[in-house]
Amino acid sequence: MIIGVDIDGVLTNLYKFVDKKRKEICRKNKIKIVRNKNVLNLREHYGITEEESNKFWMDNIFEYAENVKFYKSASKYLKKLKEDGHTIYLITLREYLGLKDENGQRMKEIVKKTLIQNNITFDKLFALHPIGEKLTTIVNENVDVMIDDGASNLITLSDYIPTICYSTAYNSGLQLNNMIRCKNWREIYKVIKLFDKAQKDDEQEESTPIIKAELNKSDSANEESVIQTEEEKSESK
């Protein structure tokens, strides 16, 4: 299978970085931090405007890129997926990365460095700009399944291929027929194996609801399957 993987919020703990910064901003301005539930993006989660969100990333994007923590389990399971014979494409809309100016070059070097430092296994990196290119890429490159955390991306892509949502506070309100929600990389690996089996059995078109049913059955029968490992618990703190 060809597996598409987003970087921010899927390989990295985007929420932990943003939440820490939001607490600092609220403390500085002496306002109470807001964390809304059942939302589709970070703006809704924190109750901020698009203008405030844009300013936040203008002020913090390079600090984020340099310092955000990667999920240790991402490295482990991407390596296992590669050993299983899958092709892994990193498909990202990271700010500046797809540009050819000075900021684009700076971001490119940071991404290259951090992927190496965190032992991320992949076959090819697609640095996209603007947003619409993500759909174009998954179609042109025959991607079989996409792992993403962005609701807008998942809504668009799930019309074309099965998707896996990396579950987090800022996409908690998203529910799609052609999407499976996973809370860690261990669960993602399990779902990919089920998608792979469905593809080999020539059942890919109807695989998502079948896999959802299998996961629900498995979770009911085996409580251990929904318990995070100690590593995953520490990463989410």
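Visitor: Which residues is aspartate 149 in contact with, leaving aside its neighbours within four places in sequence?

Guide: This is a predicted model. In it, aspartate 149 contacts Asp6, Asp8, Gly9, Val10, Leu14, Leu154, Tyr166, Tyr170 and Asn171. Take Tyr170: its side chain makes a polar contact with the side chain of aspartate 149, at 2.5 Å. Now take glycine 9. It stands 140 residues from aspartate 149 along the chain, yet their C-alpha atoms are separated by 5.9 Å.

Visitor: Where is aspartate 149 found, and is it buried or exposed?

Guide: Look in the loop between β4 (145-148) and α7 (151-157). Buried means under 20% relative accessible area. Aspartate 149 has 5%, so it is buried.

Visitor: Where does histidine 86 lie?

Guide: In the loop between α4 (72-83) and β2 (87-92). Its relative accessible area is 4%, so histidine 86 is buried too. Not counting residues up to four places away in sequence, it touches Met1, Ile3, Leu81, Asp123, Ile192 and Asp196. Its side chain reaches the backbone nitrogen of methionine 1 at 3.3 Å.

Visitor: How do I read a pair of packed helices?

Guide: Two packed helices are described by the angle between their axes and the distance between the axes.

Visitor: Which residues make the contact?

Guide: From α3, Ile61, Phe62, Ala65 and Glu66. From α5, Asn103, Arg106, Met107, Ile110, Lys113 and Thr114. They divide into five nonpolar, two polar and three charged.

Terms used:
Residues are numbered from 1 along each chain as its sequence is written. This is a predicted model: local features need pLDDT of at least 70, side-chain atom pairs count only at pLDDT 80 or more; totals for chains, interfaces and linings use all residues. Side-chain values use heavy atoms; hydrogens and water are left out. Contact means heavy atoms within 4.5 Å. Helices (H or I, at least four residues) and strands (E, at least two) are DSSP runs, numbered from the N terminus. Ala, Val, Leu, Ile, Met, Phe, Trp, Tyr, Cys and Pro count as nonpolar, Asp, Glu, Lys and Arg as charged, and the others, Gly among them, as polar. Buried means under 20% relative accessible area, exposed over 50%, partly exposed in between (1.4 Å probe, protein chains only). A polar contact is a pair of N or O atoms within 3.5 Å; within protein, one must be able to donate a hydrogen and the other to accept it, and residues adjacent in sequence count only if both atoms are side-chain atoms.
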